[in-house]
Amino acid sequence: MSAQIFSIANQKGGTGKTTLSMNFAAGLAQRGKVLLIDADPQGSAGQWSSLASDDKPFPVSVISIGGNLAREAKRFASDYDYVVIDCPPTLETGVMQMAMQVSDKVLIPVLPSPVDLWASIRIIEAIEQVKIQNRGLQPYIVVNQLEPRSALSKAMKEALHEFDIPALGEGIRRRAAYRNAAVDGVSVFCMGKRGEAAADEINNIIEELL
Ligand SMILES: Nc1ncnc2c1ncn2[C@@H]1O[C@H](COP(=O)(O)OP(=O)(O)O)[C@@H](O)[C@H]1O
Ligand SMILES: [Mg+2]
């Protein structure tokens, strides 16, 4: 058995990498055994899971790896069904590239404005480089923090079209549930009614990918 490996990456901070990593991993945990690798030296994913209470443990093993990510990810791949790598917000250290090198798919959360999308252009170039060796790598954009009730703007749609990387489903809306999940060290999947809409959109993303 070898896990399917997903990187969550963008060299910009604050686009929702950790939020997507944690909730995506928790959603995958309803389908198999999941390892989340926190490859960001800021350690947000590790902190998040450490906030979980004993009666609501986070359903995913979270480890942080700074060193040889590629070797470690491959070593763990035989023990899990899915591995999710929360990447650091930089291309300078090579960690993000290493994560993408061992991944089947890379999800790129972006904020819903063309300006933010264009700010992610460098990761697209990095993906092209990684693909020279990891030819099967499939990139996807996940538009995050969509305003409630407003659809993607025409400008954003046009910019997405130019990027030539598929955008997953309807994206992710800006919801208090995501913020609250981080505060309590849980995922939106165990927040009952309050997390239901968020859990549905994460599930849609998972179903589109698997
Ligand atoms: N869909 C969302 N709805 C509401 N808040 C969000 C959403 N996605 C991210 N956030 C918030 O935005 C901030 C940045 O998100 P985070 O996941 O830490 O980004 P990154 O890991 O890319 O730096 C956090 O405070 C997080 O709670
Ligand atoms: Mg983060």
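**Exercise 1.** Find which ligand 1 atoms the backbone of T15, K17 and R175 reaches, and at what distance.

*Solution.* Start with T15: one of its backbone N or O atoms is 3.2 Å from an oxygen atom of ligand 1. Next comes K17, with a backbone N or O atom 2.9 Å from an oxygen atom of the ligand. Finally, R175 puts a backbone N or O atom 3.0 Å from a nitrogen atom of ligand 1.

A word on the set-up: this is a predicted model, where local features need pLDDT of at least 70 and side-chain atom pairs count only at pLDDT 80 or more, while totals for chains, interfaces and linings use all residues. Residues are numbered from 1 along each chain, chains are lettered from A and ligands numbered from 1 in the order written, and side-chain values use heavy atoms, without hydrogens and water.

**Exercise 2.** Work out how the shell around ligand 1 divides into nonpolar, polar and charged residues.

*Solution.* Take the 15 residues around the ligand (a heavy atom within 4 Å). They split into two nonpolar, eight polar and five charged, with Gly counted as polar. G14, K17, T19, N144 and R173 come nearest.

**Exercise 3.** Say which parts of the chain the E207 and R31 salt bridge ties together.

*Solution.* First check the distance: the closest N and O atoms of E207 and R31 are 3.3 Å apart, and the rule asks for a Lys or Arg side-chain nitrogen within 4 Å of an Asp or Glu carboxyl oxygen. Then place the partners: E207 lies in helix α9 (residues 196-209) and R31 in the loop between α1 and β2 (34-38), so the pair links parts 176 residues apart in sequence. Helices here are DSSP runs of H or I with at least four residues, and strands are E runs of at least two.

Key. Polar contact = N/O pair within 3.5 Å; in protein donor to acceptor, adjacent residues only side chain to side chain.
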